[in-house]
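Q: Got a complex here that I want to go through. Can you walk me through it?
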Amino acid sequence: MPASSKADALAQQARFVFKGTVQKLRASTVPDIKDKSGTVIVRVDEIIHAPEELSYFSGHDITVQLSGRKKVKVGEQNVFHTNSWLFGDSIAVVSLRQEAVGKVSAALDMAMTTGDPVKNLLARDMKERFESADLVVSGRVTSVRLPTDTVSAVDSASEPLTPSSEHDPMWHEAVIDVASVHKGDGDQKTVTLRFPSSEDVMWHRAPKFKPGQDGIFMLQKSKIKEHASAADSAGAIETVEAYTAFSPVDFQPHSHPEEADTLVNLITSLG
Amino acid sequence: MPASPSKTAQDQKPAFVFKGTIKRLKSATMKGVPVDERTVVVTVNQIIEAPPALADYNGQDITVQLGGRQKVRVGQELIFHTTSWIFGDSIAVRSLTEEPVTYRSAAMLSAADDPVERRAQREKRDRFDAADLVVSGKVVAVRLPAGTAKRSGAASLDASDRAPGGPVSEHDPKWREAVIQVDEVHKGSHKKKQVVLRFPASKDVMWYGAPKFHPGQQGFFMLHKSKIEKPKAKRGRKQPRKGVVEEAAVADSEVGITEAYTALDQTDFQPYNEPGGVKTIIDSESLKPKG
Amino acid sequence: MPAKKTTKKAKGVTSGAKGKKTVKKPAKSTAKKKSATGGLVMSPGVLVVNMIPRSRSGEHNQDSEPNLAVDPAAPLNMVGSAFTPDPGGGPNAPIYFSTDGGNSWKLNSIVPGNGTFGTGDITVRFSPSHTLYAGILRGDVSLRMNILRTANFTSSTPMTVLLSRDNVDQPYIQAARVTIGAVKKDVVFNGDNDFNSVPKTATINHTTDAQVAAPVFKTTRIDSRVPSGVDAPSIRPAIHSNGTVYGVFLHRLSASGSVRRYDVVVVRDDHFGTGAAPFTALHDPTDALSGRRVALNRLIPWLMPGLGQERTGSSLTIAVDPTNSKIVYIAWADRVGTTDYTLHVRVSKDSGVNWSSDCLTVTNATNPALAVNSVGKIGFLYQQLTGTTLATQRWVTHLRRSTDGVSWSDLVLARTSASTPVRTFFPYIGDYNHLLTVGKDFYGIFSASNFPDPANFPNGVKYQRNANFATHKLFNIDGATEVPVSIDPFFFKVTELT
Amino acid sequence: MPAKKVSKKIATSRSAAKRAASKKAVKQSPPRSSKPGAKKTARRKSKRTAKAGGRVVLLVNMIPRSLSGEANQDSEPTIAVNPANPLQIAASAFTPDPLKGSFSPIYISSDGGNTWTLNSIVPGNSRLTGTGDITLNFSRTTNTLFAGILRGDSRSMRLNILRTKNFAGATPMEILVDRTQVDQPYVQVATVANGPDKGKDRVYVGNNDLSVRGATATIDQSLNGAGANPTFKSIRIESRTTPGQDGPPIRPSIHPDGTAYAIYHSWRSFNDDTGEGTADIVVLRDDRGGTGPKPFTDLLDPIDGKSGVRVAQNTKFNFNGVLGQQRTGGDVALVVDPTNSDTVYVAYNDDHGALYMLHLLRSKDRGRTWSAELRTIRNALNPALAINNAGKVGFLYQQLTGTGAAQRWVTKIELSANGTNWNALVLATVPADTPSADFDPYLGDYAHLMSVGKDFYGIFSANNTPKKTNFPNGIVYQRNANWTTNTLLDVDNTRPVHVSIDPFFLKVSG
């Protein structure tokens, strides 16, 4: 379901969406802001979308750098679609769009009425991932293995794999026994995906798969890089196309029913 | 078939071996120890083999329940082969045997290395000797054993019908198979390039310490043939029990037992980059004249 | 707001102003007096600051692998970096910045390509032109290196991308303002490991005019020999205003699993890399090839983890004496015994031709960083793992200083647990940290456990985030919700009194 | 580490409520800064007991001083007080033999629980975790200690039923029963008060016998456990169709007059993929101590007429569920009133969305009809029940409170004279995120409470940080610790030792 309007498009980019009341014009809660022409102090009344990190800022006065030319008045309540800017004793955010509370999109209105800002954001992220996914399946991981090419490489080369960068993803393959396909090519019994087994900062957040894991997989076709392991060209970068699930939300295991259900509902609503 | 405890006591291995001097007869180092004529207080002079818990007891007085029949006197120095008994403010151990300090034992004593190390090494040695197959290589795949890798029904979206699989206990091992690509065979015979072993993915206390394998791991694998109950497709009432294994000793009757390699002891896998341990054993083995 | 009060109080105790006062008093007595309230008293001339801002009191990220830039022309302005995600999860990753000499720090999200963990590898440097440069790996694409620039590090405008290249690892940037042909220009040298030129991957990307709209970067492969596979990730440049630029890297001889052997190689250029064959001014006496091999065939274990919860495999640093370009120091880590990871510091007084034996050796330490101040005093920052059992192991962060490279003073900045928090990813505290000088003073940054305990910071520390040093607890912005211990970046400044 | 991740996930999902609340403006309050611990050293022999509401409470960390260096996950504790001599107490947990020998230790006390030592006499030690599941119980008269265990040296759920006449002696316990495929043995002993069998120890071992199919809920029974070579017979107590088996907990409770009750988790459905299932909470009774031809069939369900009253039907459980770092899956507990065998209390757990609910009910007519819920407690598990000789009920459980890093395991005992008015004592309130779990179960799939005379004796496992505020009703440590710096110390009293899960003994005067 593509974003229906410009408002939604912007809302999609904003991570911190809240209802707030303008307290002071051309002012800021963060001393380092020299040019205050576009900044106002806003009291956060109600948070609609937020990462855990920012979910505690209800009731705080923060600085908002307004977007566009639209004027605001002290005491006026708006919904602000923002991303982060400065974090000191107080915080400053950059508004991508602010709109009168009455004018918000239905989706947002819904979010406003239903509970938890963090869950709201999670649901939104899941939706994004679902829409951009090439294949979404329910199933179970039956096998996790070294990609066959690297294995054969080890056969030939006497010395074992030698990653050349501390950021080497250490690709593994996970074979999923497909129970049902929710998006994409409908008639596959098994799907193989690649995932980074590396604990390196670049990869640790990507889901790590184990045989026996049950759940919903949102897979994207990606061109992934790997260091060649053949003795001769060891270290060189090769590109392979494979299904991947890099975002933490791309796999929703049944062992965490709450999150899984969120996705299930999403799938049913979209299907 | 009730087993007599005495019998069980015999097949014990000493866990704490030390040279000590008898300090007091018919007494103990703490209250709560039932003292009889075989209960003595001993000063630990030198620890020969010890678990980490007792590494620090050099020079200390502990209580020993003597094993053998021989008479002992205050001031006598002996080597005590003991196992645990009571732990309170002090410790009391049960001596399985005591021996005078002879040349043989002197040799044991002269060796400088750390008693904890020595014990660990002996444990590795035991596992090596008990192993049916010892290989070095690399884990290339980890998978569900055939038969359990069934479709997770539309279960995902509307969990309903009870899936096949044996009875459930919190001790279920959650068997997995690890495929090892063999570099070298160090003990036993194995022709194929690959060998498959079973390991428990369970986090349950019953399986704590059993190595959990993942692709890419490289090192030495000490494999033991074990009886595992074969998970079969569900057939009405007659249903297999998944995940039951007993290392040879206790043979378990009935349904679908298969043999599989396992590596259930902490020491059964040793990464290449870990010094000593199995490496040392393998080197010493290779020195031995073959045949 | 009571919560504010408590931290205000803490500030009062440790603020720069108060700190200066304590210089006059005998520090000991003050320490006694304050220790009850959390013992945050700074030693004379030492400032240590936990850089997490108050509004981020709730964070418990692993903010490892820090780097630091101080504006030489305006030393109150500084920028720090670490693996810190954008708190809002937006498109840009944050930098830390201070406009009051490091006493207080804020985040500004202006680094393009914020990933789930923030940006990838990042190093930052100021030119006296007040321009900030950064060499980064983007957080949103794997192994995509960007070289970035901004003239205003507090504005909300993201940094400008000057250079973007894929399949490159660990950029390490240096910048200076120098006179080339009577014109003042910003020169930028960025060491990186470029997998597009396997096996000779050790590379320096450099420009002699970084301020123009679209600077032209020269790409120089600095390994004249053929390594086995690739070179090690760390390639470090060092600039002297007279045109001398050094580079140091680890040339790989062999690799089998975690067992890897390297030569430590130093290269030099005498004209800001403007010549036809940059970084070929220094040759090896034995094979006559470019690049002086300072140490041969060193075992550098590639282990994850290799030292406490931290990995090992490529620790390297270099510094040139601003008062004399002939004097250059390097430090690297290798294994001399069976389980150790040992730092070696060596010096050359003739532009890298001849080298001393170890003038300092430190066992089981990583993250070496060298810097020489305006009077030729050398500073050496590193983090050493002490203790044997998990329970007793600690990361001890040292700043050693020496006027002659022979006798070294020792200042312990932090002594923190090596077991808590539990690692969430590699690197645990970083594959590097940083030390630099402005005038006589040493400025540096390191990452360590933020457990609020005066005993962990023997020369004092100052927290901005909500913490109670009596109960050893961290609190969220509500001042009540407990926050778990995590790895934070710590800024420090050591004022040279003599 | 997965355990941690799980707990984090739970934490966030649970902190939702809090955040929702914080949608309204947050008041900033100062950090709860309790003053640094008073200058007092570790082992405060001086004041061993605390008074709480006029009630004497004794709480003891059971790790002996000679094992001050240990950092094992000593979870799933159980306890047995010798009714013939309440100074003698035996207890156990997943504690390995310190010497890694072939026998696992039990904890023993000969001074009413003030001091504890380890005695390694349980056959089948796992070098890392000691014995497997274990429960203990004393004869009322013969000083015989019985144990039902899963051997630690077996990987096939090998049940041993054990006994010893001298629980402090060096002789290993005698093996009475030895078979495999059995889960969670739970032993109770009743000594016949009068009649021909007077003085005989009747031993009941509830267990989940997975060597049979369908009706796995079982009670192994011997009518003369203290005799020479006692024989045990396996009584299958399930009367309804299961999805192949019942749940692990089967808990008998015996009244001196011969009335024997049992409760178990009678499975109705189970899904292997999700671990989710439904179960009835079923209570059984036998009026002649199980001596008749159809043992444990004296209580019929009013609706389906089958043996065993369904106190609750189709309760939800998840075998893969977690609460903090502790796994869940449906706990049950039952106790009969020693002053009146008509009165019986039961406690059980079930899932309500993200919540793990603990329920307490009572029957006054021998299990036929049941009260409304006397107590309902959110996110609490390991229920244990006991009734003293004055008919006072004790209710022990462990509850997960707070969110995120502030999550704590709070162990409480609630006491009531009438089942209506309860007063609660907090025994321990400890961080839930440290230490991180070595294995499942983190705290145990059960804790234990019993009574002798008017006193309640219990045991539970918890984080052992030496911090007074963690034990609001007082605490005694035997192992070395510094209460000012809140650190555990090794035998040398200097080397710091990692925080771990330890067993705690409690005695509360009735």
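A: Start with confidence. Chain B has a mean pLDDT of 78, and 74% of its residues reach 70 or more. pLDDT is the predictor's confidence in each residue, from 0 to 100. This is a predicted model: local features need pLDDT of at least 70, side-chain atom pairs count only at pLDDT 80 or more, and totals for chains, interfaces and linings use all residues; side-chain values use heavy atoms, with hydrogens and water left out. Residues are numbered from 1 along each chain as its sequence is written, while chains are lettered from A and ligands numbered from 1 in the order in which they are written.

Q: Where in chain B does pLDDT stay under 50?
A: Residues 1-10 of chain B are one such stretch, with 8 contacts beyond four places in sequence. Contact means heavy atoms within 4.5 Å. Residues 149-164 of chain B are also below 50, and that stretch has 43 contacts beyond near neighbours in sequence.

Q: What's the mean pLDDT of chain C?
A: It is 90 for chain C, with 92% of the residues at 70 or more. Residues 1-39 of chain C fall below 50, and they have 45 contacts beyond near neighbours in sequence.

Q: And chain D? What's the mean there?
A: Chain D has a mean pLDDT of 89, and 90% of its residues reach 70 or more. Residues 1-46 of chain D stay under 50, with 104 contacts beyond four places in sequence.

Q: What ipTM does the predictor give the complex?
A: The ipTM is 0.74, and the pTM is 0.76.

Q: Switching to helices. At what angle do α3 and α5 of chain A cross?
A: Roughly 50 degrees, for α3(A) at residues 117-132 and α5(A) at residues 257-270; their axes come within 10 Å. Helices (H or I, at least four residues) and strands (E, at least two) are DSSP runs, numbered from the N terminus. Axes are lines fitted to C-alpha atoms, for helices over the stretch in contact, and angles run from 0 to 180 degrees between N-to-C directions.

Q: What do you call that arrangement of α3(A) and α5(A)?
A: The two helices are therefore oblique to each other. Angles under 35 degrees count as roughly parallel, over 145 as roughly antiparallel, 65 to 115 as roughly perpendicular, and the rest as oblique.

Q: Which residues make the contact?
A: From α3(A): Lys119(A), Leu122(A), Ala123(A), Met126(A), Lys127(A) and Phe130(A). From α5(A): Glu258(A), Glu259(A), Thr262(A), Leu263(A), Leu266(A), Ile267(A) and Leu270(A).

Q: How many of them are nonpolar, polar and charged?
A: 8 nonpolar, 1 polar and 4 charged. Ala, Val, Leu, Ile, Met, Phe, Trp, Tyr, Cys and Pro count as nonpolar, Asp, Glu, Lys and Arg as charged, and the others, Gly among them, as polar.

Q: Sheets next. In what order do β25, β26, β27 and β28 of chain D run?
A: β25-β26-β27-β28, as an open sheet of 4 strands with antiparallel pairing. Two strands pair if DSSP finds at least two bridges between them. β25(D), residues 380-387, and β28(D) are the edge strands, each pairing on one side only. The twist averages 15 degrees from one strand to the next.

Q: How many bridges join β25(D) to β26(D)?
A: 6, with β26(D) covering residues 393-401. Ala380(D) has Gln399(D) in β26(D) as its bridge partner.

Q: What about β32, β33 and β34 of chain D?
A: These 3 strands form an open antiparallel sheet in that order. β32(D) at 481-482 and β34(D) at 496-497 each have a single partner strand, so one side of each has no neighbour in the sheet. β32(D) pairs with β33(D), residues 487-489, over 2 bridges. Ala481(D) stands opposite Leu488(D).

Q: Backbone check. Where are the cis peptide bonds?
A: One joins Thr420(C) and Pro421(C), with omega about 0 degrees. Pro421(C) sits in the loop between β27(C) and β28(C). Another joins Asp440(D) and Pro441(D), with omega about -5 degrees. Pro441(D) is in the loop between β28(D) and β29(D).
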